[in-house]
Each structure stands twice: as structure tokens, then as C-alpha cells.
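The entries follow in the order in which I looked things up.

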Amino acid sequence: MATRGHLGGLAAATLDVVRALDAAGKDPVIVETVGVGQDEVDIVEIADISIVVLAPGLGDDVQALKAGVMEIADIFVINKADRPGAEKMRRAIEALQALAPRRDGWSPPIVETVATDDRGIEGLRQAIDEFGARTSAPEQVEQKRRASARRQLMALLEERLMNAALRSVFPDETLDQLVAALARREQDPYTVVETIVRTARFKAWKEPSP
């Protein structure tokens, strides 16, 4: 699924698809993100287990230094571990883990794999099972689901309320004029937003309740 400009490394409808597959009895459901940056880590709010897959010699050692990626990983996988640089990548991850241990006490294991030779796959399965057993308590599952539901609710509210506010305050051509004024630096975005919010509140107050 293309993200279509949605930040976070996932498409806006990914959570809906995951829930549909879960309701259909699919287990497990695997979600692969696009390449993510420091703040594009929405996957952690959807997945029960987040696995960060890196490969030596492809610049992934730089990716590993990004705080967001380091914080979301429940398991690290160094794939293509038969290539030069695999050991260097492992040492870099271990050094960063030592500097910033997780608050929940879990130390994400580093699993080396060579997928084309089926090497390390069983070790990865064991690491997944171990973490899954650690986080399968009903209260932890419930907390995760609530956080995911809150995120989806707030995202939908933000989108709908913003669109409703814009429609109630400005016709399309007026909004285009404001955007043009911002581009020419004749207006500042803070003033424009404050005007939109005030006008939307005033209209909502004037309109009678149904």
C-alpha cells in the first residue's frame, strides 16, 4: 500500500487493513513499512512486535543511529550477515543499546540471518516467541489496543475537523488566495490559522442546534 504522502512509514488505512485481516482469522499479520526515518515510526503503535531489519554495506549503519528506529525495535535483524560489515553493525547497535537502555528492561536481541541460505531464521523465530511471551499479558494487550484506538480516533478527528473548519470558513478560491498571500509573505500562517479557528467557533455558536 502506497503511503500517498502520509507520514509515519505507513498508509493511512493500514490499521483498517490489519484489523480486517485479524477479524478474518489471519495470524500472524505481517506489516512491512517503507523506509522510515527518525520520527516515522507509526508501526510501533500498530504491531505487537516491531522488528528492525538492517543490512551491512547499504548505509543501514546510519539508519541504526536514528533515535526513533533504535527506540521502536523489539528485535534487530542483521540480514545478509555473510557480507563484510556485519560485525561492525552489530557492535554499533550494541554500543547504542548500552547508551540508551529501554525503560521496560527489555534488551532487544540482535539476530544475524542470511535469508537466501535459510540461516538464522530459527533464531529469529525464537526471539519473536520470547518477546511475545513477555508481552502477552491481558493488561498489556489491552493497553496496546487502547493506544492504537486512540491514535486512529485522533487522526480521523483531526482530518475531519480540519476539513469541516476550512469548508465552513472559506470557499476554495478564498483559501487559494490565502495560500498565495502566505507564499508572497503578505500573511503569516499563525495569524491565518487563528482567524480560521475564531471564525469557525463563531459560526458554530451562531448555528442553531438540530
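**Entry 1: the sheet.** I began with strands S1 and S2, which pair in the parallel sense over 4 bridges. Working in this predicted model, I looked up the partner of Val52 and found Phe76 in S2 as its bridge partner. I then traced the sheet as a whole: it is open, has 3 strands in the order S1-S2-S3, and its pairing is parallel. Because S1 and S3 stand at the edges with a single partner strand each, one side of each has no neighbour in the sheet. From one strand to the next I noted an average twist of 25 degrees.

**Entry 2: the helix across the sheet.** I next examined helix H5, residues 121-134. H5 lies across S1, S2 and S3, and runs at about 170 degrees to S2.

**Entry 3: nonpolar cores.** I searched for the largest nonpolar core and found 20 residues in it, with Val52, Leu54, Phe76, Ile78 and Ile93 having the most contacts inside it. I listed the elements that give two or more residues to this core: helix H1 (14-23), strand S1 (51-54), helix H3 (67-72), strand S2 (75-78) and H4. Another core, of 5 residues, lies apart from it; among its members I noted Ile75, Val77, Val111 and Ala127.

**Entry 4: salt bridges.** How many salt bridges does a search of the whole structure find? I recorded 7. One of them joins the side chains of Glu112 and Arg90, at 2.9 Å from N to O. Glu112 lies in strand S3 (residues 110-112) and Arg90 in helix H4 (residues 86-99), so this pair ties together parts that are 22 residues apart in sequence. I noted Glu112 as partly exposed, at 31% relative accessibility.

I then turned to Glu122 and Arg125, whose side chains meet in a salt bridge at 3.8 Å, N to O. The two are 3 residues apart in helix H5, and are therefore separated by about one helical turn. Glu122 is partly exposed, with a relative accessible area of 47%.

Is Glu186 buried or exposed? I found Glu186 exposed, at 54% relative accessible area; its side chain meets that of Arg184 in a salt bridge of 2.9 Å, N to O.

Methods:
Residues are numbered from 1 along each chain as its sequence is written. This is a predicted model: local features need pLDDT of at least 70, side-chain atom pairs count only at pLDDT 80 or more; totals for chains, interfaces and linings use all residues. Side-chain values use heavy atoms; hydrogens and water are left out. A salt bridge is a side-chain nitrogen of Lys or Arg within 4 Å of a carboxyl oxygen of Asp or Glu. Buried means under 20% relative accessible area, exposed over 50%, partly exposed in between (1.4 Å probe, protein chains only). A nonpolar core is a set of buried Ala, Val, Leu, Ile, Met, Phe, Trp, Tyr and Cys residues joined through side-chain atoms within 4.5 Å. Two strands pair if DSSP finds at least two bridges between them. Axes are lines fitted to C-alpha atoms, for helices over the stretch in contact, and angles run from 0 to 180 degrees between N-to-C directions. Contact means heavy atoms within 4.5 Å.
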